[in-house]
Amino acid sequence: MNDRGSRLQTPNAERAGEAGPRDVSAAEANARRRLNARLRQPYPAAMAVPPLLFVTGKGGVGKSTLTAALAQRLARQGRRVLAVEMAGDGSLAALFGQGALPTEPASLSTRLDGVRIETRALVESYFRRLLRLPFLSRRLFASGTFHAVTAAAPGVTEFVVLDHLAQWTATGWLGRRAAYDNVIVDGPASGHALRLLRAPRQLGALVPRGPLASTMNRLATLLDNHAHTGVLLVAIPEDLAVSETLETRAALDQLGVRLTRPVLNRVWPRRFSVADIEAVSALRARRDEPLLAAAALEIGARREAERHLGRLRRAFGSPPLPLPELCRGGVDAAAVAAMGRSLERAFGGHGA
Amino acid sequence: MARDPAALAALLQQRLVVCVGAGGVGKTTSAAALGVAAALVGRSTAVVTVDPSRRLKDALGLEDLSTTPRTVALGNGAARLDALALDTKRTFDRLITRMAPSSAVAQRILANRLYQEVSSELGGSTEYMAMETLHELLHEGRYELVIVDTPPSADVRDLLSAPLRMTELLASQAIDFLKAPASIITGSESRLMRMTLGTVLKALERWTGLTLLRELADFVAGFEHLVDGFRSRARDIEQALHAADASFVIVTTAEPRTIEATRTFDRELRAGGFPIAGIIANRVYEFPPLAATAGRQVPPRLREKLLANYADFAALSARDRAALAALQRDTSSALLATLPALEEPPTSIAGLRAIAAQLAGAEPESRSRPRGAQ
C-alpha cells in the first residue's frame with residue numbers, strides 16, 4: 001500500500017521546488033501542485049478508511065451490503081458518514097429500509113446520512129450555474145440534444161459527479177471541518193468506476209487550460225491523494241467477478257489510485273477437513289445420496305473460493321479479505337454489523 | 001426439477017434467441033448450453049457471447065473467442081455450432097467503415113481523437129454492438145439459429161433501445177449544435193439575444209477549451225453521413241427482435257436480487273412488446289428433507305457434519321422453491337427449466353452437454369441427477 005511513500009522520501013528537496021522560477025511548463029506546475037497537496041496531507045495511519053471511498057466490483061458481488069456495513073460501523077465509531085448510492089437501483093436504500101435515498105443528504109441513523117446521485121439533474125444544475133442566465137439554461141435543457149450530447153460525450157457526467165462528491169469531503173477555509181469524515185460511494189460497477197476515476201485525466205488531456213482545466217486538476221489531485229481517496233475492490237468466488245477485479249486493479253494502479261485490501265465476499269465457511277473430504281469422496285464412489293451430494297456442493301464451493309483467494313493473493317501480493325456467505329443466515333442487522341467489523345481488516349484496522 | 005419440454009423444443013426451432021438477465025446468473029453459460037442443445041437437434045447455430053470467462057472458452061474447447069466465429073467441436077450427428085465474442089470497439093470500427101459514404105469519411109472518423117477515446121465507451125455502445133452483431137449474423141443467413149447473450153445491462157430498455165438511441169443522438173440537433181452552437185436556441189430572432197448568446201458561448205468555449213468543441217463538432221459531423229444507415233439498421237433490428245421467430249429468455253437464479261431483476265425484465269419486455277419464451281432458473285438448490293435414516297453407514301462424527309451441512313442446503317432449497325413459486329405467481333412467463341447448482345462450473349464440452357441435456361430433455365447420465373422438486 002505504501003508505494004506512494006517511496007516517492008515522498010525527499011520532502012525537503014521537493015518543497016524547495018515550490019519557490020522555483022515562475023515560467024515552468026504547465027505539466028511541471030501540475031505535477032508540483034499535486035505533490036504539494038499530498039505533502040500537506042499527513043500520510044494516514046494504515047488503518048484509516050480514506051475520507052472518500054469507492055466500493056466497486058462486478059454486479060451482484062454485494063457492493064451495497066458492504067457499503068452499508070462499513071458506513072454503519074464507522075458511524076458507530078463516532079465518525080460522520082455519508083453513504084452514496086450511485087447505481088440508482090435502490091439497493092443501498094433497501095438495506096436501510098427505504099424505497100429511495102433523497103438527492104440531498106438526509107439522516108439514516110445517528111451520524112449516518114444517505115444520498116443518491118441523480119446524474120442528469122446534477123449535470124443540469126452544473127450547467128445552470130455555469131451559464132448563469134436562467135432563460136439560456138431552460139432552452140438548453142429543453143432541447144433534449146443537450147442530454148444526448150452530455151450523456152455521450154466522454155467524461156462530462158463523470159466529471160460533474162466527481163465534482164459533486166468532492167464537496168462533501170472538502171475541508172473549508174482555515175481548516176474548517178469537511179461536511180463528512182467519510183463518504184462511501186456504493187455501486188459504480190468496475191467499468192463505470194474506472195471511467196469515473198479516469199475522467200479528470202481524460203478530460204484534462206482534452207482541455208489544456210482554462211477554468212475547467214483547473215477544476216480537472218483539482219479533482220485529479222484529490223483522486224491521487226492516497227490520504228483522501230481509496231477504492232475497495234469487491235469480488236465473489238466466480239471467474240468473471242475475480243477477473244474483473246484483477247483488470248480493475250491493473251487499471252487503477254496505472255492511475256495511481258490507492259487500493260485497499262481487496263475483499264472476496266460470499267466465501268463459504270470451511271466445514272469439512274481434508275480427511276472428511278476424502279471420506280465423502282470414497283463414500284460417494286460407492287453409493288451416492290443427497291446427503292453426500294450436498295457435502296460435495298459445499299466442498300466444491302469452498303474449493304472454488306480457495307482458488308479465487310489464491311488468484312487475488314498472487315495478483316495483489318497480499319492476502320485478500322474473505323467475508324462469509326451470508327445467505328444461509330439471511331442478511332439481517334446482526335450479519336451486517338458483523339460484516340462491518342470484519343471489513344475493518346480491509347484497511348489494516350482495529351478489528352484485525 | 002421443473003422443465004417444460006414442449007416450450008424448450010419450440011425455443012430451439014426459433015431463428016433468434018436473446019438471453020437477458022442480471023449480471024452473474026450464468027447467462028453466458030446458459031446461452032452456450034442452449035447453443036449446444038440446438039446443434040444437437042440439428043440446428044446450425046451461432047452463439048454470441050459478451051464477456052466469456054476463461055472457463056467457458058475451455059468448456060467450448062476454444063483457445064480464444066473473437067468477433068470471428070469459431071466452430072465448436074461437438075462430434076458426429078450434431079449440426080454446426082459457432083461461437084463468437086462481442087468486441088465493441090472492433091465492431092464499431094467495422095460498422096463505420098461499412099457505412100461511411102467514402103473511405104475518406106471513414107478514415108476521418110476513425111482517426112478522430114474523440115472517436116478513439118469514446119468508441120468503446122460511447123453511451124450504450126456495448127448494447128448497441130450486441131444488437132449490431134445480431135443484425136450482421138441474421139443478415140448473413142449462415143445460421144438457422146442465432147443465440148445472443150447480452151451485456152449485463154441494468155435496464156433492459158437500455159439494451160433494446162440502443163440502436164434507436166444511437167440514431168437519435170446522431171440525428172438530433174446535436175450535430176447542428178456542435179457545428180454552430182447558436183442554432184440550438186431557436187425561436188429567438190432578437191439581435192440582443194443572439195449577441196448575448198454569442199458571448200455566453202464564447203465563455204463556454206473558453207471554459208471547455210476551444211479544441212474540445214471543435215473536435216467534438218468534427219467527430220459528430222463525420223457521423224452525420226451515417227445517420228440514414230444507422231436508422232435503417234435500427235429499424236431492421238427492431239423488427240427482428242419483435243418477429244415471430246424471435247424469443248427472449250430471462251435467465252435468473254433464485255436469489256432475491258436476481259428474482260427482483262427478473263420481475264423487472266419480464267415487465268419491461270412485455271411493455272415493449274418483445275416475445276418472451278420464458279425463464280431459466282440457474283443454480284437452484286434441490287435438496288428435500290431427509291429420511292431419518294440417511295447416512296446411517298457414515299461414521300457418527302462425519303455424519304453429524306453431513307447432516308448439519310445438509311440442513312443448510314435443505315433450507316436454501318426451501319427458500320429457492322418459495323422464491324421461484326412467487327416469481328411464477330407474479331409474472332406470466334413460464335419457467336422453462338430449473339438447473340441445479342453444480343459442484344463447479346462446466347469446464348469441458350461434456351459439462352455443457354450435460355446442461356444442454358437437462359434443457360433439451362435427454363436425461364443426463366451424470367450420477368448427480370437432480371432430485372427433489374416436481
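**What the labels rest on**

Tutor: Chain B has 374 residues, and 48% of them are buried. The model is predicted.

Student: How many helices and strands are there in chain B?

Tutor: Chain B holds 16 helices and 8 strands. Of the contacts in chain B between residues at least 6 apart in sequence, 75% join residues at least 24 apart.

Student: What makes Ala193(A) buried?

Tutor: The label needs 20 or more other C-beta atoms within 10 Å. Ala193(A) has 25 of them, so Ala193(A) is buried. This residue lies in helix α10 (residues 190-206) of chain A. Leaving aside residues up to four places away in sequence, Ala193(A) touches Phe54(A), Thr56(A) and Pro188(A). Val267(A) is 74 residues from Ala193(A) along the chain, and their C-alpha atoms are separated by 24 Å.

Student: Why is Gln77(A) called partly exposed?

Tutor: Gln77(A) has 16 others within 10 Å, so Gln77(A) is partly exposed. Gln77(A) sits in the loop between α4 (63-76) and β2 (81-85) of chain A. From Gln77(A) to Glu104(A) there are 27 residues in sequence and 24 Å in space, C-alpha to C-alpha.

Student: Why are α4(A) and α15(A) called roughly perpendicular?

Tutor: Angles of 65 to 115 degrees count as roughly perpendicular. The axes of α4(A) and helix α15 (residues 333-343) of chain A cross at roughly 80° and come within 8 Å. The two helices are therefore roughly perpendicular to each other.

Student: Which residues meet there, and of what class are they?

Tutor: From α4(A) come Thr65(A), Leu66(A), Ala68(A), Ala69(A), Leu70(A), Gln72(A) and Arg73(A), and from α15(A) come Val336(A), Ala337(A), Met339(A), Gly340(A), Arg341(A) and Leu343(A). By class, the contact of α4(A) with α15(A) has 8 nonpolar, 3 polar and 2 charged residues.

Student: What of α2(B) and α16(B): at what angle do their axes cross?

Tutor: Helix α2 (residues 27-40) and helix α16 (residues 349-360), both of chain B, have axes that come within 8 Å and cross at roughly 70°. That makes α2(B) roughly perpendicular to α16(B). Residues in this contact include Ala32(B) and Leu40(B) of α2(B), with Arg353(B) and Leu359(B) of α16(B). The classes are 11 nonpolar, no polar and 1 charged.

Student: How do you know that the buried residues of α13(B) line one face?

Tutor: The buried residues are Phe230(B), Arg233(B), Ala234(B), Ile237(B) and Leu241(B). Seen down the axis of α13(B), they fall within an arc of 105°, so they line one face of the helix. The face turned away from that buried side carries the exposed residues Ser232(B) and Gln239(B). Helix α13 (residues 227-242) of chain B has 16 residues and reaches 23 Å between its end C-alpha atoms, close to the 22 Å expected.

Student: What covers the buried residues of α15(B)?

Tutor: Those buried residues include Leu306(B), Tyr310(B), Phe313(B) and Asp320(B). Their cover includes α14 (290-316) of chain A, together with α14 (256-271), β7 (276-284) and β8 (335-340) of chain B.

Methods. Residues are numbered from 1 along each chain as its sequence is written. Chains are lettered from A and ligands numbered from 1 in the order in which they are written. This is a predicted model: local features need pLDDT of at least 70, side-chain atom pairs count only at pLDDT 80 or more; totals for chains, interfaces and linings use all residues. Axes are lines fitted to C-alpha atoms, for helices over the stretch in contact, and angles run from 0 to 180 degrees between N-to-C directions. Helices (H or I, at least four residues) and strands (E, at least two) are DSSP runs, numbered from the N terminus. Angles under 35 degrees count as roughly parallel, over 145 as roughly antiparallel, 65 to 115 as roughly perpendicular and the rest as oblique. Two residues are in contact if their C-beta atoms, placed from the backbone, lie within 7 Å. Ala, Val, Leu, Ile, Met, Phe, Trp, Tyr, Cys and Pro count as nonpolar, Asp, Glu, Lys and Arg as charged, and the others, Gly among them, as polar. A residue is buried if 20 or more other C-beta atoms lie within 10 Å of its own, exposed if 12 or fewer, and partly exposed in between; C-beta atoms are placed from the backbone. The expected span of a helix is 1.5 Å times one less than its number of residues. The arc is that of the directions from the helix axis to the C-beta atoms.
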